[in-house]
Amino acid sequence: MKLLGFLILLAFFPLFAGEFYINLASQIFIFAIFAASINLLLGYGGLATLGHASYLGVAAYTSALLGLKLGLGHWIAAPAALLGATLMACLFGLVALRATGLGFLMLTLALSQVLWGTAYRWVALTDGDNGLRGLSRPFHLDDAASFYYFALAATAASLWLMARFVGSPFGAALRGTRDQPRRMSALGHNVWLIRWVSFVYAGFWGAVSGLLFVYVWLIRWVTFVYAGFWGAVSGLLFVYYHKYIHPISLSLTNSAEGLLAVIAGGSGTLGGPVVGAAIVMLLKNYVSAYIERWNTLLGLVFVLIVVFMPEGVVPGVKRLWLRFASRT
């Protein structure tokens, strides 16, 4: 009921807010999808990544290049961009998931830096540091309010699908790999036989879901790909909003901001990445207009959150509320 009321409030927001705040809210929605996709890896899989901006940037660049170079419409460019970024996540997952912990973190960083360097140096394709200009939005969503509703609908659908994902048996298996990886691996007897029976009995996705209970690496790889897909969704919205794309979208800074949003809001929760995204984007786009060194303030805010709410804002506020309610 509270969620429905919040969605109604968001639906009426453009009616009483100025254009600046409507655009700011649209950017928060886009970054919320990006942060939530990181949360699938960090919060539910225990896999910290510094290369997630790769999927945002690749989806954005693919969509932009298909439109500018080949003249393809959004109906073709958008699915192609999502497919391309997801296939790249399949490949990157095969490489990065050879390691865990710090090794995984460094592999994702290295892979993303390769793409960032390519975007800067391949001037003939990407225009290098100048970026790609002259892009358009789908459905003629050029005014702030119409794009706001488009971004709101896309964000609501994305978060709902991710909530279904983590609430499924697959999500339970994923949390098991995070908490008890050795015990989950110990269930992996006759993996190939289980795979064959599952494929026959329940079809492709049912087979994957069944195998994920007994095959830890596959669980993490599928989650890596799934998180990459939602990173690509945020990339499409990103390029639609700005109508411009620059290699900085693939940078370490972009990935780090997403990771920071997840940690600040509360990893392993559905609302944490949204709250964290709002904190980062408000400081980046609103506070920066008044404070030159806004990133210093962002660091201070992050330190305060870690000190007083080490589990994140959403779990921390919930803990304080329950403590207050128990006293009253």
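Is Lys-243 buried, exposed or partly exposed? I looked this up first, and Lys-243 counts as partly exposed at 29% relative accessibility; here buried means under 20% relative accessible area, exposed over 50%, and partly exposed in between (1.4 Å probe, protein chains only).

**Basis.** I worked from a predicted model, in which local features need pLDDT of at least 70 and side-chain atom pairs count only at pLDDT 80 or more, while totals for chains, interfaces and linings use all residues. Residues are numbered from 1 along each chain as its sequence is written, and side-chain values use heavy atoms, with hydrogens and water left out.

**Loops.** I placed Lys-243 in the loop between α11 and α12 (252-265); helices (H or I, at least four residues) and strands (E, at least two) are DSSP runs, numbered from the N terminus. The phi of Lys-243 is near 55°, a positive value in a residue other than glycine. I then turned to Asp-127, in the loop between α6 (123-126) and α7. Its phi is near 65°, again positive in a non-glycine residue, and Asp-127 is partly exposed, with a relative accessible area of 26%.

**Largest core.** I next examined the largest nonpolar core, which has 57 residues. Such a core is a set of buried Ala, Val, Leu, Ile, Met, Phe, Trp, Tyr and Cys residues joined through side-chain atoms within 4.5 Å. Leu-40, Phe-147, Tyr-148, Phe-224, Val-239 and Ile-245 touch the most other members. At least two residues each come from α2 (19-45), α3 (53-68), α4 (74-96), α5 (102-121), α7 (144-166) and α11 (216-242). The largest share, 11 residues, is supplied by α11. I noted that another core lies apart from this one, with 25 residues, among them Leu-50, Leu-259, Ala-277 and Val-280.

**Phe-224.** I found Phe-224 in helix α11, buried at a relative accessible area of 2%. Leaving out residues up to four places away in sequence, its contacts (heavy atoms within 4.5 Å) include Leu-41, Tyr-55, Phe-92 and Phe-104. The C-alpha atoms of Phe-224 and His-52 are separated by 9.7 Å, although the two residues are 172 apart along the chain.

**Val-239.** Beyond its neighbours within four places in sequence, I listed Ala-60, Ser-63, Ala-64, Leu-135, Tyr-244 and Ile-245 as contacts of Val-239.

**Aromatic pairs.** I counted 12 aromatic pairs, taking rings of Phe, Tyr and Trp (its six-membered ring) whose centres lie within 6.5 Å; planes under 30 degrees apart count as stacked, over 60 as edge-to-face and the rest as tilted. The rings of Phe-13 and Phe-16 have centres 5.6 Å apart and planes at 85°, so this pair is edge-to-face. Both residues are in helix α1, three residues apart, and are separated by about one helical turn. Phe-13 is partly exposed at 21% relative accessibility, whereas Phe-16 is exposed at 55%. The pair of Phe-147 and Tyr-241 is tilted, at 5.7 Å centre to centre and 50° between the planes. This pair links helix α7 with helix α11, across 94 residues. Phe-147 is buried at 1% relative accessible area, and Tyr-241 is buried at 12%. I also recorded a cluster in which ring pairs link Phe-13, Phe-16, Phe-29, Tyr-148 and Tyr-149.

**Helix α1.** Finally, I noted that Leu-3 is found in helix α1 and is exposed, with a relative accessible area of 59%.
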